[in-house]
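Please look over the model below. A short briefing follows it.

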Amino acid sequence: MISILKALSARTIRAGCVRKHSSLTTELIENMDKKSTWDRFYTENSSRTPTFKNFEWFFGFDSVRHIILPLLSQPTPSPDHVFQILDIGCGTSGLGPGIYKHSSTPVQVTCADISPIAVKLMQENFRRNPIQANNASSRLRFIEMDCTQLLSHYSPKSIDMIVDKGTIDALLRSKEGKGKATLMLNQCIEVLGNSGALLQFSDEDPDARLLWLETEMQKQGVMADVVTQEVGELRGVVYFCYQVLPTGHS
């Protein structure tokens with residue numbers, strides 16, 4: 001994941017702790033599918049600054065608000081419908097809170113991460129610095145959750161939108177993460193509602209990502225449309241949004 005390593009390397013040099021964080025960079029390259037890796041990352045990252053600051057893989061909410069917010073303005077099944085949104089592998093990103101803050105329609109945003117360290121940092125920051133939601137009925141929460149175990153937390157067809165900013169990428173590029181990536185994709189599709197959408201934000205080229213999505217969904221007999229949209233270029237890396245829209249099972 002070129003962009004992640006660039007971001008981490010830049011932070012490493014600025015912190016002046018090259019040796020220490022060089023080992024963390026190596027661990028990230030090989031073990032981005034491991035809970036212990038992310039616990040270490042968020043512990044070390046938070047210790048370098050006296051106050052909380054969102055750490056963004058790739059980019060922040062403002063770079064993709066034009067993609068996400070229009071999807072939350074579409075007709076709902078009922079007038080009192082609250083969009084159920086899952087920000088999966090949220091880390092300490094401001095993406096989920098950005099949706100909560102700016103959505104004019106009511107949303108229940110769940111920011112979930114495998115690292116309890118990241119979750120605690122987000123919870124504590126929200127308590128200290130509450131965010132005013134655009135809609136009074138909107139809710140925001142932060143929970144610890146394994147992205148490969150969604151069906152332990154959600155019923156099938158219960159989620160309207162899943163946002164994945166780099167989580168699948170991290171799994172696919174880990175030594176032992178490819179099977180977990182497949183499991184995560186399958187469970188995402190299981191918990192999405194009939195009109196739900198999985199948004200994968202990635203720096204992976206469409207030729208590679210579309211082939212992987214097509215292959216894995218065919219294995220499971222899943223039918224889905226995939227819409228690709230270029231997000232833009234940041235620090236020399238081009239990012240894409242892969243919008244997976246399940247249509248059923250064959």
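What does the accessible surface of the chain come to, and what share belongs to carbon and sulfur atoms? The total is about 11,700 Å², and 52% of that belongs to carbon and sulfur atoms. Areas come from the Shrake-Rupley method with a 1.4 Å probe; for residues, only the protein chains shown count as cover.

This is a predicted model: local features need pLDDT of at least 70, side-chain atom pairs count only at pLDDT 80 or more, and totals for chains, interfaces and linings use all residues. Residues are numbered from 1 along each chain as its sequence is written, and side-chain values use heavy atoms, with hydrogens and water left out.

**Whole chain**
- The chain has nine helices and seven strands (DSSP runs, numbered from the N terminus: H or I of at least four residues, E of at least two).
- Of its 250 residues, 52% are buried (under 20% relative accessible area; exposed is over 50%, partly exposed in between; 1.4 Å probe, protein chains only).

**Helix H9**
- Buried in H9 are Pro206, Arg209, Trp212, Leu213, Glu216 and Met217.
- Seen down the axis, these buried residues fall within an arc of 140°, so they line one face of the helix (the arc takes directions from the helix axis to the C-beta atoms).
- The face turned away from them carries exposed Asp207, Leu211, Gln218 and Lys219.

**Ends of H9**
- Aspartate 205 caps the N-terminal end, with a side-chain oxygen 2.9 Å from the backbone nitrogen of aspartate 207.
- Just after H9, glycine 221 has a positive phi of about 70°.

How values were computed
A polar contact is a pair of N or O atoms within 3.5 Å; within protein, one must be able to donate a hydrogen and the other to accept it, and residues adjacent in sequence count only if both atoms are side-chain atoms.
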